Each structure stands twice: as C-alpha cells, then as structure tokens.
Amino acid sequence: FSRQMVLSQEPTTRFYSDSVFIKLLVQCLKVPHSFYYTFDSVNTISKLYAPDSSFRIFTWQLQMDESYYRQYGAIQINMPDGSLKLFPLTDVSEFTPVPTDTVRTPKNWIGAIYYKIIPVVFGDKKYYTLFGLDDNDFASTKKWIEVLSFDDKDTPIFGGKFFEYKEDAMKPLQPAYRFCIEFKKDANARLVYDQERKMIVFDHLISESSEPAKKYTLIPYGTFEGFKWTNGKWLHVPNLFPQDK
C-alpha cells in the first residue's frame, strides 16, 4: 500500500492505498513499544527519529492530480510505558494564502516531507529544526525550514519568530514563522545542514526571466546563503563561504 499510494499512475488507486496505509500504520503503532520498530521495508515514506529519541515523525505525500500534492504525517511521542501517543498532521496548505505567517499546530500544519532534523537549544528549551520538501505543483518545488518545539503537555508546536534576514524578492515576507525557498521544477536547489560549519546552507536563487515574483522562474545562481543558530535565532549569512573560511 505504501508503494501504490506514491507510485501508482491511477488516482483512485493512490487514494485508496493511502486510506488503507494510514489505518494499517495506526494499527501497527498501537502495539506496545512500537516506537522502536523502524519500518525499514516501508521505503516510500520519510521516518525520522529525533536525535534524542524523544519522538519520531512520519511524513509522505499524495499526488492529488497533475498539478497538486498534499502531504500527510504523524508525530509519535516516545512514551516510557510503551503506550501510543500520536499526533496526526493535517496539511492545510491549499487553504493558506500565506503559509509563513503564524505559529501552527498539528491540526493546521503546513505540509512537507521531512528529510533532516537538527536539534538546537536556547536557554533550557529544546527545539528541532526540520528540513522539508514539497513537490508543490507542475511548475515549482518548495523546500522548508520548520522549527518544531513541544509545550508542557508534549503537544507539537510548529514555527515561531526564529528567522532574521533582510527581505528580498526571493524570501518570505517578515515576520516569517517558517522559512521557504520556492524554485523552478527540477532546478534542484539545495537546502541542507553543513555539519562542519554548524550552519544551514541553501542556494542563492535568481530569476532566469528577470521576474523574481514568479517563483517558477527561480534557479540556483551558483553561490550560497545560510543561517547560523545564535541566541535562539537562525541569523542570515548572505554570502556564506567567502567570509566563513
């Protein structure tokens, strides 16, 4: 079912497989101490453990039609008694004109397939920086940086005022509660964590038609920008490598 919901050419097969997959996944997770079962053979979804093993997050996407994708997911908390504490993630991107404008909960999540978790700390509070991919539509792709935290009831909180940068046409308007780069489909813009520099690194984008407002025209320029975690913020580094040697 996990393969069919992602790879099938037939929409009805994808939708049916997704529905069955969700039911089966929840059924499996109800088994005591399921947190430690890695689902290695389920290879069409993302399964990321937090580095401190406090939770793990499942994410995947469903192609609704030729021009629209929807993401699905769930966060499983590592419970000492082995019981299931699960937060389903509901993607509301299609109903959200400005997806960077507010802190969110699992019930109004901005969907992405997460491919990396970076733990950071400020004071006595832990934060988890998530790197995500959204195939978006037929013209453009999005990559996200989302800061995840938990309240005193272990409820996930997505976003916050963690990003400081000067506004330009390539970046979300401030205040940005999550960060996104959107670019031409298949342009393969990079958004990664550089372990050696302890920094987020991403491609500087330019419009191939000199129309930066049209995100589907943006492509990598060949230089890099970044963010460095400083005093509880991801601070922008505009020209990363020249001054970071």
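**Figure 1. The largest pocket of the predicted model.** Sorted by class, the lining of the largest pocket comprises eight nonpolar residues, one polar residue and four charged residues.

**Figure 2. The largest cavity.** Two cavities of 30 Å³ or more are found in the structure, and the largest of them has a volume of about 60 Å³. The residues that line the largest cavity number 13, with H33, S34, F35, G82 and S83 lying nearest its centre. No charged residue takes part in the lining of the largest cavity, which divides into seven nonpolar and six polar residues.

**Figure 3. The second largest cavity.** The second largest cavity holds about 40 Å³ of space, and the residues that line it are M170, K171, I181, F202, D203, L205 and E225. Strand β12, which spans residues 199-207, gives the most to this lining, with three residues. By class, four residues of the lining of the second largest cavity are nonpolar and three are charged, whereas none is polar.

**Figure 4. The hairpin of β5 and β6.** Strand β5 (residues 113-122) pairs with β6 in the antiparallel sense, and nine bridges join the two strands. One of the facing positions in this pairing is that of F122, which stands opposite K125 in β6. The two strands form a hairpin with two residues between them, and in its turn G123 has a positive phi of about 65°. Strand β6 itself, which runs over residues 125-134, is mostly covered, since seven of its 10 residues are buried.

**Figure 5. The hairpin of β6 and β7.** Strand β6 also pairs with β7, again in the antiparallel sense, and here the pairing extends over seven bridges. Within this pairing, G132 has W144 in β7 as its bridge partner. Five residues lie between the strands in the hairpin of β6 and β7, where N136 takes a positive phi near 60°.

Key
Residues are numbered from 1 along each chain as its sequence is written. This is a predicted model: local features need pLDDT of at least 70, side-chain atom pairs count only at pLDDT 80 or more; totals for chains, interfaces and linings use all residues. Side-chain values use heavy atoms; hydrogens and water are left out. On a 1 Å grid over the protein atoms alone, a cavity is a set of points where a 1.4 Å probe fits but cannot get out, and a pocket is an open set with protein on both sides within 12 Å along at least five of seven lines; lining residues have an atom within 4 Å of a point. Grid points are joined across faces, edges and corners, and a volume is the space filled by probe spheres set on the points. Ala, Val, Leu, Ile, Met, Phe, Trp, Tyr, Cys and Pro count as nonpolar, Asp, Glu, Lys and Arg as charged, and the others, Gly among them, as polar. Helices (H or I, at least four residues) and strands (E, at least two) are DSSP runs, numbered from the N terminus. Buried means under 20% relative accessible area, exposed over 50%, partly exposed in between (1.4 Å probe, protein chains only). Two strands pair if DSSP finds at least two bridges between them.
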